[in-house]
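My entries follow the order in which I looked things up.

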Amino acid sequence: MKLIYLWNYKKGDDYVVNITLGRTGITVNRNGFGALPVQRVSNEEAVKLLRKAYDNGINFFDSARSYTDSEYKIGLALSDVRDKIIIATKTPSTTVSGFWSDLENSLTMLKTDYIDIYQFHNPSFCPKPNDGTGLYEAMLEAKEQGKIRFIGITNHRLPVAIEAAESGFYDTLQFPFSYLADKKDEDLVNLCKEKNVGYICMKALSGGLITRSDVAYAYLSQFDNTLPIWGVQRENELDEFISYIENPPAMTAEIKEFIENERKELVGEFCRGCGYCMPCPVGIEINNCARMSLLLRRSPTDGHLSEEGKAKMKKIEDCIDCGNCKDHCPYGLDTPNLLKRNYEDYKTFLKMN
């Protein structure tokens, strides 16, 4: 197993701004590649995107066992440059046997004999030594075997994230962070810096509600310990982030004003589209239907107002108020009522069109 620390990537005559992930010492380009969306495209298209990202200086790739074939596609595209990239992936398992099964499957799919950062995937608690689950001990054993280099955790629950950062047991934390964050979220970033925990930033575009990636990048660049992982599905999206390698967006008066206006419109009770409320027992596509009002105002409406879109929204009428979505929402939203409000708003759009 060959372990390396990454160099500063050079484009033209200037070195790009890189980020070091806390005590891991891992240094990578500030644009991380979030591989969840590549499960939605063909092998050929995924390989094209992943390879283009690597060829243009992106060297951090984040996946998960839960992202269907995204690990396989990373292995397909990048196994020949394994010693030049950093791979992070995740296990959702809450059992030791499941942990080992997930790890072996990930190694096989990624075509590698080690994973740089292996993460617990959004557990409802913070795994620790001697907590009775054996999960953290499994992480330590995997590290001793050389199958992982560093131990990480991802979460959407602030109390769990704070506990992980303060525990001293985690090398990295992955948590949602964008310019829609409030002070307690910024405090978490600063806590990770204080504890020398690498901070991997997911949902930097807030599930598609943030439409200007340059603004998102500029905001995050104020925090020198954050590594955003951008979910990439289309080449034009990738091209945007590649352009920031040579010309990183910086905070300006115009961007500050834009963020202030966005916060007035979006901060509050809105669905981030994380999907942890799924599946719905009656088949409602909650992670899109519960934020339809915003999607209609912030993206092209044709798809949302199509016959397929209408059928998806009409499923809200079948809601049985079981409370499952509300119980599983990491943001504490009253999801059933949010669905109903979005449906009423959606019907006004239908009348207008």
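This is a predicted model: local features need pLDDT of at least 70, side-chain atom pairs count only at pLDDT 80 or more; totals for chains, interfaces and linings use all residues.

**Entry 1: ground rules.** I count two strands as paired if DSSP finds at least two bridges between them. Helices (H or I, at least four residues) and strands (E, at least two) are DSSP runs, numbered from the N terminus. Residues are numbered from 1 along each chain as its sequence is written, and side-chain values use heavy atoms, with hydrogens and water left out.

**Entry 2: overall.** I found 14 helices and 12 strands in the protein. I checked the radius of gyration, taken over C-alpha atoms, against the globule rule of 2.2 Å times the number of residues to the power 0.38. For 353 residues a compact globule would come out near 20 Å, and the protein agrees because it has 20 Å. The C-alpha trace spans about 60 × 55 × 40 Å along the principal axes of the protein.

Next I looked at burial. Buried means under 20% relative accessible area, exposed over 50%, and partly exposed in between (1.4 Å probe, protein chains only). By that count, 52% of the 353 residues are buried. The protein exposes about 15400 Å², and carbon and sulfur atoms supply 49% of it. These areas come from the Shrake-Rupley method with a 1.4 Å probe; for residues, only the protein chains shown count as cover.

I took contact to mean heavy atoms within 4.5 Å. Among contacts with a separation of 6 or more, 74% are between residues 24 or more positions apart.

**Entry 3: the barrel.** In which order do the eight strands close into a barrel? I read S5-S6-S7-S8-S9-S10-S11-S12, with parallel pairing. The twist averages 25° from one strand to the next. Axes here are lines fitted to C-alpha atoms, for helices over the stretch in contact, and angles run from 0 to 180 degrees between N-to-C directions.

**Entry 4: around S12.** I started at strand S12, residues 226-231, where five of the six residues are buried. Strand S5 (residues 32-34) pairs with S12 in the parallel sense over three bridges. Gly34 stands opposite Gly231 there. Strand S11 (residues 198-202) also pairs with S12 in the parallel sense, over three bridges. Ile200 faces Leu227 of S12. From S11 the chain crosses through helix H7 (residues 213-220) to S12, and this β-α-β crossover is right-handed. Right-handed means that, with the strands pointing away from the viewer, the path from the first strand over the helix to the second runs clockwise.

I then followed S11 to its other neighbor. Strand S10 (residues 172-176) runs parallel to S11, joined by five bridges. Ile200 is the bridge partner of Gln174.

**Entry 5: around S7.** How many of the six residues of S7 are buried? I counted six, over residues 86-91. Ile86, Ala88 and Lys90 lie on one side, Ile87, Thr89 and Thr91 on the other, and both faces are covered. Strand S6 (residues 60-62) runs parallel to S7 with three bridges, and Phe61 has Ile87 as bridge partner. S6, helix H2 (residues 70-78) and S7 form a right-handed β-α-β unit. S7 and S8 pair in the parallel sense over four bridges. Thr91 has Phe120 of S8 as bridge partner. The S7 to S8 crossover goes through helix H3 (residues 96-110) and is right-handed.

I also checked helix H4 (residues 135-144). H4 lies across strand S8 (115-121) and strand S9 (148-154), at about 155° to S9.

Entry 6: Most residues other than glycine have a negative phi, and most peptide bonds are trans. Asn122 has a positive phi of about 50°. Asn122 is in the loop between S8 and H4, and is buried at 8% relative accessible area. Asp321 has a positive phi near 50°. Asp321 lies in the loop between helix H12 (307-314) and helix H13 (324-328), and is partly exposed at 46%. A cis peptide bond joins Met278 and Pro279, with omega about 0°. Pro279 is in the loop between helix H9 (253-266) and helix H10 (286-289).

**Entry 7: Lys326.** My last stop was Lys326 in helix H13, partly exposed at 43% relative accessibility. Not counting residues up to four places away in sequence, Lys326 touches Leu333, Asp334, Thr335 and Pro336. The C-alpha atoms of Lys326 and Pro336 are 7.0 Å apart, with the residues 10 apart along the chain.
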